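The following exercises concern the structure shown below.

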Amino acid sequence: MSKPRGVLLIYTGGTIGSVPSQPGDPGSPLVPTKSFIPLLQVVPGFDHDKQTLTLENRAVPVSVHDWEEPIDSANLRVEHWYKMAETIADQYHEFEGFVILHGTDTLAYSAAALSFLLENLSKPVVLTGSQRPLIRSRSDAIQNLVTSIEVAASKTLHGISIPEVCVFFRDTLTRGNRTTKTSANDFRAFSSPNLPPLAVAAKRIRLDWKQVVRLPRQDLRILPNLERKVVALDLFPGMSVELLQNLLSSPGLRGVVLKTFGAGNAPTHPRFLKAIRKASDKGILILDVTQCWSGEVDMGLYETSVKLLECGVVSGLDMVPEAGLAKMMAVLGMEENPDLGRDLLQINLRGEQAGSLFHLRYPGSGTAQGTRDLTLEPLRAMTLANTHFRSSRITRAFLRFFGVKIKKGTALKFRVSLFDHASGSLKLLGMMESTGRNPESTTMSLSVPVARLKFLRPTSNPNLVIEVESCDGKIDWEKVDLSLLTQS
């Protein structure tokens, strides 16, 4: 196998390659050119005869793959993501890096989707475009294009390689699935609100190596299926519950990215929650991401998000909406079981979120009465825990009893522990109690000290032991969940 050389430009269309639709009329509407090669003549350092670009005093071979029908990125479809991915896979051993020239409107969606489609990626894939066409004066295209090629050829030029799907725009290189478009006009059109840039381009390109993902040790593979029957939905005050019900009843719908308020909050109106719960019970995955430009979902922080937890909605943590949608499509393409799908959605798969949420789930129909102790066996082991879970990385943990029914005035106090099969001993999680003063509350929560969970291992399947100290009535619950937030 020959040594990979140079960079492949994949030209899909977009503003960067747009020209007047009427050659003799500069003011005519812009359309994507059919071939990008002729436009490269305006790029300083590009040798059209040798098909090279001089960077850092070295001639970098540059090849161009034009789409037969370049598109405006507003017309992007799932088929186009696979077309990009398959071109990369077909030419993977011929080039050291790839640059995708893309319209800016949906560039962040493509970057997120490709990050999930291209499994075991070990070479740079850089998406870029421009706000003004390459052939226009004062264009931002040349800087975006040239720097993207330098990043893609970083193994040759700088002795390092960035094995990620990235976005370069203006002067920053960001992780593709952490990127969102934040301006329709500015040259700095894209931002990475919850992760610092992978690199900043000034006189030199300064790489923040600690932000870059580790190199995989397996062959490149394209994820075979993305589920298309998904929807993204922004909540807003006064939303019609009837319209929400109709949307969630759409035939074939499998997933919803719910863009909520603040830290993951939503209305607590009974009809709204009933519609969400009904959809979740049918097996529709619902992912909670924040509408805010930056920050993260913290489900359980406020009562308005606890209600979503009760309905089976899962947290998107600090994912941007574009990544949330791409991840939903990827997870549903990988997993038919809704319960396993919900768990996969909360695990950091491609660097799209700062941490992962692992769950130990225990069965419902539990009843505490008198002083009778209970032992609950977990429904299953933590999804993908064998490759992703480390107890040393746990930052927060919560034990929640959902669907609690308790008679008003009932006093309850019980101790909750996990049985460590390895040591044969109980590991105390904490004490829970209720006076039954608020029978409307259907969730009981316990913040678990992280130090008490250090014994957990990827294959841990500990029983939950409930030791009732006092109960002058009766309490029932539907399910129990121990959620473990880990840092990536």
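This is a predicted model: local features need pLDDT of at least 70, side-chain atom pairs count only at pLDDT 80 or more; totals for chains, interfaces and linings use all residues.

**Exercise 1.** State the strand order of the open sheet of four strands, and identify which strands are its edges.

*Solution.* The order is β17-β18-β19-β20, and the pairing is parallel. The edge strands, β17 (230-234) and β20 (314-315), each pair on one side only. Within the sheet, β18 (residues 255-260) and β19 (residues 285-290) run parallel and are joined by six bridges. L258 stands opposite D288 of β19. Helix α9, residues 338-345, lies across β19 and β20, at about 20 degrees to β19.

**Exercise 2.** Find which residues L244 touches, not counting residues up to four places away in sequence.

*Solution.* Begin with the location: L244 is part of helix α5, residues 241-248. With a relative accessible area of 3%, L244 falls under the 20% limit and is therefore buried. The residues it touches are L233, F272, A275 and I276. For F272, the separation from L244 is 28 residues in sequence and 7.9 Å in space, C-alpha to C-alpha.

**Exercise 3.** Explain why the pair F95 and F98 is edge-to-face, and why the pair F401 and W477 is edge-to-face.

*Solution.* The aromatic pairs come to seven. For F95 and F98, the ring centres are 6.2 Å apart and the planes stand at 65 degrees; this angle is over 60, so the pair is edge-to-face. Both F95 and F98 are buried. For F401 and W477, the centres are 5.1 Å apart and the planes are at 90 degrees, which means that this pair is edge-to-face. Because F401 lies in strand β24 (residues 394-402) and W477 in strand β30 (residues 474-477), the pair ties together parts 76 residues apart in sequence. F401 and W477 are buried as well.

**Exercise 4.** Identify the ring over which the charged end of K123 sits.

*Solution.* The charged end of K123 sits over the ring of Y92, 4.7 Å from its centre. Y92 forms one aromatic cluster with F95 and F98.

Note on methods:
Residues are numbered from 1 along each chain as its sequence is written. Side-chain values use heavy atoms; hydrogens and water are left out. Two strands pair if DSSP finds at least two bridges between them. Helices (H or I, at least four residues) and strands (E, at least two) are DSSP runs, numbered from the N terminus. Contact means heavy atoms within 4.5 Å. Axes are lines fitted to C-alpha atoms, for helices over the stretch in contact, and angles run from 0 to 180 degrees between N-to-C directions. Buried means under 20% relative accessible area, exposed over 50%, partly exposed in between (1.4 Å probe, protein chains only). Rings of Phe, Tyr and Trp (its six-membered ring) pair if their centres lie within 6.5 Å; planes under 30 degrees apart count as stacked, over 60 as edge-to-face and the rest as tilted. A charge sits over a ring if NZ of Lys or CZ of Arg is within 6 Å of the ring centre and within 35 degrees of the ring normal.
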